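The points run in order, with the cut-offs given along the way.

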Amino acid sequence: MECKLKDKCKRAKSCSPPCYPFAVLYGNKGDGGYWNTKNTPKKYTELLLKDLPIEKDNPDTYKVVCKYVRNVLEYVREQSTGLYLFSIPNANNRLGTGTGKTTTACIILNEYLLARVVDMLQKRELVDNIAYFVRLSEFQNKYNEQFRGSVDTQHMASDKYYAMKKRMKDAELLAIDDIAIRDCTEAFKNEIYDIVDYRANEELTTIFTSNIPLSGLAEILGERTASRIEGMTVPAGFRGVDHRKRGLL
């Protein structure tokens, strides 16, 4: 496999994995490390800034993302500046889907992870839970599984749910995909608020993607959560056709 650190490593030309930086990023066998535990979907797991496909349809947002990535350690670690990537519907794409929001979130996450690993290697220190990607529907399904099946099944589901929730709360950079995509119970809304409020208070950076603008978030998740998200992010709109129908995004 091609090491993502090859352009950043002075020994890349003479390297023979698994060297120590490779093992940190990928694990000794290439199937572990930070890179394989960030939870990005396979479709997006290898994408970097050079692969960002939004420049034509969204030139202004493209510039914002490029600036963010080029200063990603500062925005995430020092300024705690998150992003709210939302759809701008049009007559040909009424839901605003497939415009590159998830692709963009994953690229930022991947770029941050690489920059942070290099930063840690230079400082000779390693920390847990650098970057984590979660589809909110997946998290909601994990929540619901706690209340189904046998007692043992529910206990196992609960353990998995709370492990996932802890990673979401503590990750240096968290990407939550498709927030407010479907209705949820008041109890689950409180779970979302708990995560968002914790991250806001701890000044941890979060990237959200959604098909609705910030102004419509309160209707689905409540005023408290919407207010927190608005206060911890910079909005960036995405317009254009649904590229998923053409298999591009």
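**Notes on β1, β4 and Ser-210**

1. Strands β1 and β4 run parallel and are joined by four bridges. Strands here are DSSP runs of E, at least two residues, numbered from the N terminus. Two strands pair if DSSP finds at least two bridges between them. In this pairing, Tyr-84 stands opposite Phe-208 of β4.

2. The model is predicted: local features need pLDDT of at least 70, side-chain atom pairs count only at pLDDT 80 or more, and totals for chains, interfaces and linings use all residues. Residues are numbered from 1 along each chain as its sequence is written, and side-chain values use heavy atoms, with hydrogens and water left out.

3. Strand β1 (residues 82-87) also pairs with β5 (residues 233-238). Six bridges join these two, again in parallel. Tyr-84 faces Pro-235 there.

4. Six of the six β1 residues are buried, so the strand is largely enclosed by the rest of the structure. Buried means under 20% relative accessible area (1.4 Å probe, protein chains only). Gly-82, Tyr-84 and Phe-86 cover one side; Leu-83, Leu-85 and Ser-87 cover the other.

5. Ser-210 belongs to β4 (residues 205-210). Its relative accessible area is 1%, so Ser-210 is buried. Leaving out residues up to four places away in sequence, Ser-210 touches Tyr-84, Leu-85, Phe-86, Ser-87, Lys-101 and Ile-179. Contact means heavy atoms within 4.5 Å.

6. The Ser-210 side chain has a polar atom 3.0 Å from the backbone oxygen of Ile-179. That side chain also reaches the backbone nitrogen of Ile-212 at 3.1 Å.

Notes. Buried means under 20% relative accessible area, exposed over 50%, partly exposed in between (1.4 Å probe, protein chains only). A polar contact is a pair of N or O atoms within 3.5 Å; within protein, one must be able to donate a hydrogen and the other to accept it, and residues adjacent in sequence count only if both atoms are side-chain atoms.
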